Amino acid sequence: NSEGSVAPTLSVSNQGNHEFQALVNLQHDTTATIEADSTLKFTNALNFGGNTFTKTGAGTVMVNNIAPTVGGTFHCDGGTCGGIGKIGGDLNSNGGTVAPGNATGRLTVDGKFTQGASSTLALEIGGLNEGNEHDKLVVTSAADLAGVVAVELTDGFAPSSVATFDVLDFGT
């Protein structure tokens, strides 16, 4: 980190899906602006390296980590942030929507999860099997919850009146 260095920014303004299929290591705090109708996927690993990744814009970022990651912080400041696998660090939703899964699935936050008052946790339920038919968010540390939980039934699923779903686990 040399004197006068600038934190990098990433902008996705082309409508459609864009994907990193390689290991991505943040060297500095990074801001990604993903515009509406655009998706950026990190497929393999997004290593924060102790840095902060801030997602802005109305589009979507999917973190589909299949490799271990190094801690840091992911700020979801707009649009949708989701994926499957593990976010290796804290997740702060400040006006964004956290949506576990790619459709349905399980997302693990290996750190703290903070959901602000203007944020949404979006969960899809299309059956009884966690991770395959309904979403789940697992937080290994503390969860500080405010805002909205939005549940959408998918695939024509109609749960019985006594059905229960474990959609959120947290340490404290």
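Is Phe74 buried or exposed? In this predicted model, Phe74 is buried, with a relative accessible area of 1%; buried stands for under 20% relative accessible area, exposed for over 50%, and partly exposed for what lies in between, using a 1.4 Å probe and protein chains only. Residues are numbered from 1 along each chain as its sequence is written, and side-chain values use heavy atoms, with hydrogens and water left out. Because the model is predicted, local features need pLDDT of at least 70 and side-chain atom pairs count only at pLDDT 80 or more, while totals for chains, interfaces and linings use all residues.

**The sheet**

- Welcome to the sheet: seven strands form an open one, with parallel pairing, in the order S1-S4-S6-S8-S11-S14-S17.
- Strands here are DSSP runs of E with at least two residues, numbered from the N terminus, and two strands pair if DSSP finds at least two bridges between them.
- Strand S1 (9-12) and strand S17 (143-145) stand at the edges with a single partner strand each, so one side of each has no neighbour in the sheet.
- On average, neighbouring strands of this sheet are turned by 10° against each other, direction ignored; the axes behind such angles are lines fitted to C-alpha atoms, and angles run from 0 to 180 degrees between N-to-C directions.
- S1 and strand S4 (residues 30-34) run parallel and are joined by four bridges.
- Thr9 stands opposite Thr31 in S4.

**The disulfide**

- The count comes to one disulfide, meaning a pair of cysteine sulfur atoms within 2.5 Å.
- Cys76 and Cys81 form a disulfide, with their sulfur atoms 2.3 Å apart.
- The torsion about the S-S bond of Cys76 and Cys81 is about 95°, so this disulfide is right-handed.
- Cys76 is buried at 0% relative accessibility, and Cys81 is buried at 2%.

**Aromatic pairs**

- There are five aromatic pairs: rings of Phe, Tyr and Trp (its six-membered ring) pair if their centres lie within 6.5 Å, and planes under 30 degrees apart count as stacked, over 60 as edge-to-face and the rest as tilted.
- Phe53 and Phe74 pair edge-to-face, at 5.3 Å centre to centre with 80° between the planes.
- Phe53 lies in strand S6 (residues 52-56) and Phe74 in strand S8 (residues 73-76), so their pair ties together parts that are 21 residues apart in sequence.
- Phe53 is buried, with a relative accessible area of 1%.
- Phe157 and Phe165 also form an edge-to-face pair, at 6.1 Å centre to centre with 85° between the planes.
- Phe165 is partly exposed, at 22% relative accessibility.
- Ring pairs link Phe20, Phe42, Phe48, Phe53 and Phe74 into a cluster.
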